[in-house]
Every structure is written in structure tokens, then in C-alpha cells.
Amino acid sequence: MQQVLAMIYLWLKAGHLIFVIFWMAGLFMLPRFFVYHQEAPEGSPENAVWVEREAKLMKIIMWPSLVVVWVLGLALAMSIGAFAQGWFHAKLALVLALTAYHFWLANYAQQLAAGVRSLTGRKLRMLNEIPGVAAALIVILVIVKPF
């Protein structure tokens, strides 16, 4: 198995990075959609359009990307023996946090679809910074491997 993974390592890496980009795009877009959604009057046609957009973004881009990122990321980690390296543990913790954030976003999308608007636009804008900070830290960990 290790030999096969080593032969396809660059393809795994390319696929992983491509789907990370798709996933991160969704993580940046969805909270922005929420801001606009909350500005739409409840029960309005515009509100219904935002519910549909959010659902499509989750179903078509974010959920599939999340799965592929995890599958290819774990295959990459196995192929290079990353589980024994400190930088990888830190990266894995950040990816787990982003995955939890993804699930929280999915839950908030369901709340908005049901008419529950528990966060302000300002809070949603602030939450929108989470994936950017996490991505910056992950890139540093993967490229620099500080420990």
C-alpha cells in the first residue's frame, strides 16, 4: 500500500490542494450568504432564494469537498509518515476545528431556513475570518514544518 501511495503522491497532493481550495471557498462564501440572507425579510421570495443558494453551496461544493479533502489528506499523511510529526498534529487539530466550523455553518443554515436568526450580521462577518486565519496557520505548518 505504501508503495502505491508513493507512486501517486503528487496526484494525491494536487487533488488534495484543489479540493481544499473548493472547500475554503465555500467556508468563505457561506457566512457572507448568511449576512445577506438575514437582511432579507422573513417569508419573502428573496429569503427563499437565499435558503436555496445556501443549500446548493453545501450540497454541491462544501460537503463533497470536505469528504475528498479528508480522504486525500489522510492518504497523503500515510504516504509520508506524517502521523509521527509534530507539525502534522497541529495541522490536524486546525483541520478538525475547520471541520467543526463547517458543521456549525451547516446547522446555522438549517436555522436560517427555519426562520431562526440568532446572530447579527456583525458576528457573522467576524466568524467569516476563521477560515482565513486557519488557512494561514495550516500553510505555515505544512511549508515551514516548524516542529
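The model is predicted: local features need pLDDT of at least 70, side-chain atom pairs count only at pLDDT 80 or more, and totals for chains, interfaces and linings use all residues. Residues are numbered from 1 along each chain as its sequence is written, and side-chain values use heavy atoms, without hydrogens and water.

Start by selecting residues 45-80, helix H3, and residues 86-113, helix H4. Helices here are DSSP runs of H or I with at least four residues, numbered from the N terminus. The two axes come within 11 Å and cross at roughly 165°. Axes are lines fitted to C-alpha atoms over the stretch in contact, and angles run from 0 to 180 degrees between N-to-C directions. H3 is therefore roughly antiparallel to H4 (an angle over 145 degrees).

Next, select Phe83 and Phe88. Their rings form an edge-to-face pair, with 5.1 Å between centres and 75° between planes. Rings of Phe, Tyr and Trp (its six-membered ring) pair if their centres lie within 6.5 Å, and planes over 60 degrees apart count as edge-to-face. Phe88 is buried at 6% relative accessibility, while Phe83 is partly exposed at 42% (buried is under 20%, exposed over 50%, partly exposed in between, with a 1.4 Å probe and protein chains only).

Now select Phe34, Tyr101, Trp104 and Tyr108, a cluster linked by ring pairs.

Finally, select Trp50 with Arg53: the charged end of Arg53 sits over the Trp50 ring, 4.5 Å from its centre. Lys145 does likewise over Trp87, at 4.8 Å. The test is NZ of Lys or CZ of Arg within 6 Å of the ring centre and within 35 degrees of the ring normal.

Note on methods: Helices (H or I, at least four residues) and strands (E, at least two) are DSSP runs, numbered from the N terminus. Angles under 35 degrees count as roughly parallel, over 145 as roughly antiparallel, 65 to 115 as roughly perpendicular and the rest as oblique. Rings of Phe, Tyr and Trp (its six-membered ring) pair if their centres lie within 6.5 Å; planes under 30 degrees apart count as stacked, over 60 as edge-to-face and the rest as tilted.
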